[in-house]
Amino acid sequence: MTVHGIHHVTAIAADPQENLDFYVGLLGMRLVKRSVNQDDPGTYHFFFADGTGHPGTDLTFFPWPHLAPGRPGTGLTTEVALAVPAETLPYWSERLAAVGVATDAPEERFGERVLPFSDPHGLRLVLAETGDAREFTPWDESPVPPAQQIRGLHAVRLTEPAREATEGVLRDVLGFTHVAEDAGWQRYGVEGGGSGKILELRVAPDTPRGRMGTGTVHHVAFRVPDDATQAGVRAKAEAASLRPTPVIDRFWFRSVYFLEPGGALFELATDGPGFAVDEDARHLGERLILPPWLEPNRAGIEAALPPVAAPRVRA
Ligand code: ZN
C-alpha cells in the first residue's frame, strides 16, 4: 500500500494563451485535456502530457491571470523536473535560446545533467537527462522530434521548514525511502527511485514561508494503481492525523488531498480511467471538456472563459 511515483503536478499560470504557447508550442507537450477548474469553473484547467496522457507525464495548470505572483519559500513545491532522453540537453539549450528563454548553466545533480529555467510566469523547471525506462508515447504532431520529446515528470523539489515531519509522511504514508544527499538536497524514491519516482527536499529553516500565486506549484499528485490502494494510503494519511479529504471524482482519475506537515498540498490520484474516457484519443484537448455535472452550465462557462487560440508553435 504505497504510491507508485508522481501522477501529475498542478501549477498556477497567468495568461492562458502564453501557457499554451509555452508548453505545447515550445516544449512540445501535448494538450491532452482542455477543461475547467472543477472548484472554479470560470478558470481553465489545461493538462500537458505525452502523446496519450500516461499517468506520470502530466503537468497541469490553472491559468489565473489576475492572481498575484507567488513568493518562493518554505512549505511549497519549488521546482519541477521534466525527464528528457540522455544527450538531449544541447538540443534543448538551443531550442530555448532561439526564442529568448534564459536558462541557467547546466548542472550535475545526483549524477544527472539538468538544465534549469523558468516558464513565462516564473515556475521553476529543469529538464533532466535520464536513461530510465518510462511509460511514454511520442506525440506525432509535436514540434519537438520524438527523440528529444519530454518523457514525463522526473522529480519534484520541496523547500521545507523542517525535515523530520515531512520525511515521516514520505516514508510512513507514501512509501518513499531516503536514497541520497547532494548539495543540501535529500532525495527520496519509491520503487527504486527511477525517473518519475523521485522527490527531493531541502530544509531552509531561516527562509520565510512561501505563498502560492502565479508561477508556483499548487499540488503534487502521487500515483495509486486502483481504488483499493488509494483507500489504503488514505487510511495511513488519516492515521497520521493528516485529515485527508474524501475521494473526489475528477472523472479522468479519482483524488484524495491532504496537506503534508510542511504545508505543501499532496494528492493521491488513481491511474485510471484516463483522458480518453470522454473524448476520442486522436482528438484529445481540441475542445472544452466539462465533467458531466458542469455540462448543463456549458454556455455560461464558455462565455466566462477568456478566448484562446490554437497554441503558437515554434518550429
Ligand atoms: Zn491534481
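In the predicted model, F266 touches L158, L170, L174, L199, V220, F222, V256, Y257, F258 and E260, residues up to four places away in sequence being left out of the count. F266 is also among the residues with the most contacts inside the largest nonpolar core, together with Y23, L27, L125, L174 and L199. This core comprises 63 residues, and its leading contributor is helix α1, which supplies five of them. Another core, of 10 residues, lies apart from it and includes A221, A269, L284 and I289. In soluble globular proteins, nonpolar side chains tend to be buried together.

Helix α1 spans residues 16–26 and contains L20. The relative accessibility of L20 is 0%, and L20 therefore counts as buried. Beyond its neighbours within four places in sequence, L20 is in contact with G25, L31, F46, F48, V308, A309 and P311. By contrast, a distance of 37 Å separates the C-alpha atom of L20 from that of A165, a residue 145 positions away along the chain.

Strand β12, formed by residues 198–203, is paired with two strands, β9 and β11. With β9, which covers residues 152–160, β12 runs parallel, and six bridges join the two. Within this pairing, A155 stands opposite I198 of β12. The pairing of β12 with β11, residues 185–189, is antiparallel and extends over four bridges. Here R187 has E200 in β12 as its bridge partner.

A zinc ion is also present in the model, and its protein donors are NE2 of H8, NE2 of H219 and OE of E267, lying 2.0 Å from the ion. Along the sequence, these donor residues follow the spacing H-x210-H-x47-E.

Key
Residues numbered from 1 in each chain as written. Predicted model: local features only at pLDDT ≥ 70, side-chain atom pairs only at ≥ 80, totals over all residues. Heavy atoms only, no water. Buried < 20%, exposed > 50% of the residue type's maximum accessible area, 1.4 Å probe, protein only. Contact = heavy atoms within 4.5 Å. Core = buried A, V, L, I, M, F, W, Y, C linked by side-chain atoms within 4.5 Å. Pairing = 2+ DSSP bridges. Donors = N, O, S within 2.8 Å, 3.2 Å for Na, K, Ca; no water.
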